[in-house]
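Q: Got a model here I'd like to go through. Can we start with the strands?

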Amino acid sequence: MDAWDTPKKNVRPTRQVTVVLNPASGRGEGRKCRAQLEAALANAVNRTEQRPTTWKIVETAKSGDGTVLAREAAEQGAEVVAAAGGDGTLGEVLNGLAGSTAHLGLIPLGTGNDFARQVGIPRNLSSAVDILMCGVPQPVDLGRTHDRWFINVAGCGFDAVVAQRVNSGFRFLKGTNAYIAAVLHSLMHFKPVSMRLTIDGEVHTLRAMLCAVANAGFYGGGMHIAPDAQINDGLFDLCLLQEAGTLEFLRAFPQVFRGTHVTHPKVTMLRGKHILIETDPPTPLLVDGDLCGVTPVEFLLYPSAIHVLGPYPPAPFPAGKG
């Protein structure tokens, strides 16, 4: 049902909703859910007592399509543009909407769904669509790096190496299991790097395994990397893991899923708005789950740069719960 699905006439202005669906998300979950998604959208429109709403679904076919489709939808007057897929789809749609007045929606169909976890949008399709149609738009900060916007977490070092390994060799696993397998494999080859961080003008130097620059709290399929992160506080939360031996790392690693790793002596948590990371040697950069160049890299935070539809009642998004 690609045409606009229009409810009964009303004198109030009609709201346009465009859903950008990635059929390949979640190992093909997006493709399987197309009919169910259409039914959920139609049912939600029929049940809502708010403004009359029209909707349509557009599908991505290749990497980068989400950005193009989202930008076109906003230019054509869509008030809401939703990413139906995983964190990668969300990142693409976000980059098509940044700077527009359209609200960002989310229907989690991916393997990790870390940002959905942060803001309390459930995996249940009907419930997620209800939030899309009746949720409350709330201001959310955005980060920017390498000419790209991000809403969740960016990082360099070991986490980016793990992501490379997930993408190249563990596609048969899903979510957390894929990341755990990639972590164990990557530990055999990874070497810490010399890192120089400049955070709002203050310089830190160390030997480190990773530096995660977090706008939200979760990444890697449920790792609670920044448990105190707030997506509307105007600050990045940085998680630095200093050089650690393999056995020490393996003993401490499970703590990241509970967010208790922050008390480990090799972990340092910092905050700032303007981050510059330089490493020797250069190390890969991970941005909202996608590899995006190498260091050196600069991060800038833009407060309340987009509005995201979240659960009712209207209240500031809390830090997500695991």
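Q: Which residue in β15 does V140 stand opposite?
A: V140 stands opposite I306 in β15. This is a predicted model, where local features need pLDDT of at least 70, side-chain atom pairs count only at pLDDT 80 or more, and totals for chains, interfaces and linings use all residues. Residues are numbered from 1 along each chain as its sequence is written, and side-chain values use heavy atoms, with hydrogens and water left out.

Q: How many bridges do β5 and β15 pair over?
A: Strand β5 (residues 136–145) and strand β15 (residues 297–310) pair over 8 bridges, in the antiparallel sense. Strands are DSSP runs of E, at least two residues, and helices are runs of H or I, at least four, numbered from the N terminus; pairing takes at least two bridges found by DSSP.

Q: And β12, how many bridges join that strand to β15?
A: β12 (residues 274–280) is joined to β15 by 4 bridges, and the two run antiparallel. I275 has F299 in β15 as its bridge partner.

Q: Switching to helices. Which residues of α6 does α2 meet?
A: L125, S126, V129, D130, L132 and M133 in α6. From α2, the residues in contact (heavy atoms within 4.5 Å) include L37, L41 and V45. The contact divides into 9 nonpolar, 2 polar and 2 charged residues (nonpolar: Ala, Val, Leu, Ile, Met, Phe, Trp, Tyr, Cys and Pro; charged: Asp, Glu, Lys and Arg; polar: the others, Gly among them).

Q: Where does pLDDT stay under 50?
A: Over residues 1–11. pLDDT is the predictor's confidence in each residue, from 0 to 100. The chain mean is 88.
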